[in-house]
Amino acid sequence: MNKVKFNRFEKYIPDAIDNGILTVSNDETCLEYSTLNDFNKKCGRNNLTNGFDISFNENIFTIGKGQTFLHSKLGYEFNTENTTATLNVYNDIWGVNSIYKFEKNTYIINDINEHYNDEQNGCDYSVMVYNQPTMASNTSPYGVASSNSPHASANWSPWKAFNRVATGDNCFASADVAGAPFPVNLVYSVSADGSKWVKPKSFYIQNRNVTGAGIASPLVFTIQGSKVLHPYDDLDWVTLVNVDNVNLKQPTGQAQSNTYTTDTSEYFRHFRLHIISKSTAVNYVAVQQFNIVGEIKDNIALLNPAHNYFLVYAKKGEEYKTIFVSSKNNIPQLDSSLELIDYCPIYSYKNINDYNNMILYNKTNVDKIDISDYLTTNGLYKVYLTYSDNEYSYYISLNDKLPNDKVCKKIFEFKVLNNIVYDYYPKKSLNDSYLNRFIIAEQLGTTGYRIYSDGWKEQWGNLANPVFPIAFDEIPLIVERGATNVTKTGMTIASGNWFAKGY
Amino acid sequence: MSIKVDNNRLEVLLNEYNNHANELAYFLSPTEISYKNNEEIINNVSNLNVLVGLELSTYLNIIIISNGYFYDSELNKIINFEKPNSIKIENLENGKYGIYYIFSNESFIYSLNEPEEKYRKIGEFEYKDSNIIKIYPKQDLATSYENRFIIAEQLGTTGYRIYSDGWKEQWGVSANPTFPVAFDEIPLIVTNGATNITLTNMTIADGYWYACGY
């Protein structure tokens, strides 16, 4: 049997799809359909909404026909609970240096006060000012106060030198040095578990040595730091300040004080006042205040509760890694093994716009939205057109946070006050509004007004006790100085130029 | 041997696909389909002179130009930025700078003066005492319109409206007010009788007051 070959059949028009546009395939072998959205992307359509005129009657908004593009999405949302921080990135987000795009994922910091490492997210290495906390006991609120020679009475416990009280018996006193001779050590550990380190900058020491009370102030002493987890003897301590009463002296009078500085670049876990002698021949040595100021990289929530959060893209050797960090700085501070490449500051949530994947919505019908359920809470409501799973719907919210699974476009806003809708915007499309200059009505003259499309009104004149040319919807907010009895319709004022503004 | 097929639907001629990858098909005549590339149709469908996206924001001393695109009629081409661009600002003289896209090297610059080569202006910012004190536009036309050009407001006896270019109107009824929102510059319009006007407050006797500026 002879076969018939139809060459023309080798090129054909494929089965049609909705809103498809016929294009030559990339490999030039056939025709295929691309979508209207692909076409719009290639042709640079703007993202302005056409039509969608809004009107309102008896708690129902009517939304007219029109065309718009949906492109807004929820980029991420962020929450904290106790010391745990959780970041859900729903759509990829760029770092501020525009180098790296952080991918859709869930990022968790289990403890925002613990440093990050290869296994976990955590706080960064921001340097903060450390100001030793005001102690309320030997162990609270943070750190540990102690002494090798405490007074038998708790009235003069070690922590009383760290409670920032500058007068009275709120001081540390030693045991009887006749029975427990020098040195007397007054110790402050930065944290109870030894996990926090401080680089000291200065130490403040104030005397408590009331005449006749049998207490003296330190005369010869050193201020020392220790890096050892549990310092055992003097070899575990480094001298930072040497008050030898020759080259460096502590004044000896009651309540007198001195501040000693150090330029060490080292970080320590513990600090101590190592007292070798006292100012007078009595049996007890006392210290009113011993305060420590320095720098700290460890995140102690008590010091400063405000945290910033960042997604970080960093280079470690030849490898790149993503870390989620809490920080005390405006720029994340990494340890020396990491080079910061890019970072993204994290707020409670953020919307992003994907203009390369805009969804065209050609609305050929008139929609109605009943907002009766929203009249019980005052506020500015946003109405978004949303799209997902081939369905369009409206989403109403008091904030700008979008649903996390939808592409959106804000269509209009309305304000609710005292159970009624008292304004909404926009009432017309951009083009119609622009033709009206955003000012929808005006009367120019000695007495006049301009009404803006969001309801804002500016009115003016020069008569005494004017009746406003247009009644305000609310008591005007901005009023000529000297006016009294300001109402929606008029005010009391002496003759002369006046103005009033508001909704 | 020949065969005749009596079917009108087969009488459309599809031109060769060669060198027409990704082009749109169209009827050249009632019986012939040909193809056009994007450049040939773009000026018929693009909405001219509207920047889509390309919104400006700052983080510390970094200016971030968000993703977006615009149409250039001279090139008859969409200039598309699929990712944001960042410009780090350091050690500038005080002044108002324009932010421009330079076509020749496909980059963004800032300049006190208009560039001599082909450019598209994206926005502007003001630099003062080592800080970017304002930048505009923070939202593109569509978003600004949706937001009424007013990006924040607090209505009440004491209140404010902040516009998208940074202009602020603030008001109240009290003596010696602290402004609800600090101005970036000394306010320009204030109630008659006010003295000691700063970014954050002013001295005035009890009564209606008003302050306006950036």
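Which residue of S22(A) stands opposite A:Gly225? In this predicted model, the residue facing A:Gly225 is A:Phe271.

**A sheet in chain A**

Strand S19 (residues 218-226) of chain A and strand S22 (residues 270-278) of chain A run antiparallel and are joined by eight bridges. Strands of a sheet pair through backbone hydrogen bonds, either parallel or antiparallel. S19 and S22 belong to an open sheet of five strands in chain A, ordered S14-S16-S22-S19-S20, and the pairing is antiparallel. From one strand to the next, the twist averages 15°.

**Chain B**

Two helices and 18 strands make up the secondary structure of chain B. Of the 214 residues in chain B, 24% are buried. Among the contacts in chain B with a separation of 6 or more, 38% are between residues 24 or more positions apart.

| Domain of chain B | Residues |
|---|---|
| domain 1 | 11-44 |
| domain 2 | 52-142 |
| domain 3 | 148-213 |

Taken over C-alpha atoms, the centres of domain 1 and domain 3 of chain B are 61 Å apart.

**Where the chains touch**

The contact takes in 41 residues of chain A and 51 residues of chain B. On the side of chain A that touches chain B, the elements giving two or more residues are strand S1 (20-24), helix H1 (36-43) and strand S37 (478-479) of chain A. S1(A) gives the largest share of that side, four residues. By class, the side of chain A that touches chain B holds 18 nonpolar, 14 polar and nine charged residues.

How values were computed:
Residues are numbered from 1 along each chain as its sequence is written. Chains are lettered from A and ligands numbered from 1 in the order in which they are written. This is a predicted model: local features need pLDDT of at least 70, side-chain atom pairs count only at pLDDT 80 or more; totals for chains, interfaces and linings use all residues. Domain bounds come from an automatic or database domain assignment. A residue is buried if 20 or more other C-beta atoms lie within 10 Å of its own, exposed if 12 or fewer, and partly exposed in between; C-beta atoms are placed from the backbone. Two residues are in contact if their C-beta atoms, placed from the backbone, lie within 7 Å. Ala, Val, Leu, Ile, Met, Phe, Trp, Tyr, Cys and Pro count as nonpolar, Asp, Glu, Lys and Arg as charged, and the others, Gly among them, as polar. Two strands pair if DSSP finds at least two bridges between them. Axes are lines fitted to C-alpha atoms, for helices over the stretch in contact, and angles run from 0 to 180 degrees between N-to-C directions.
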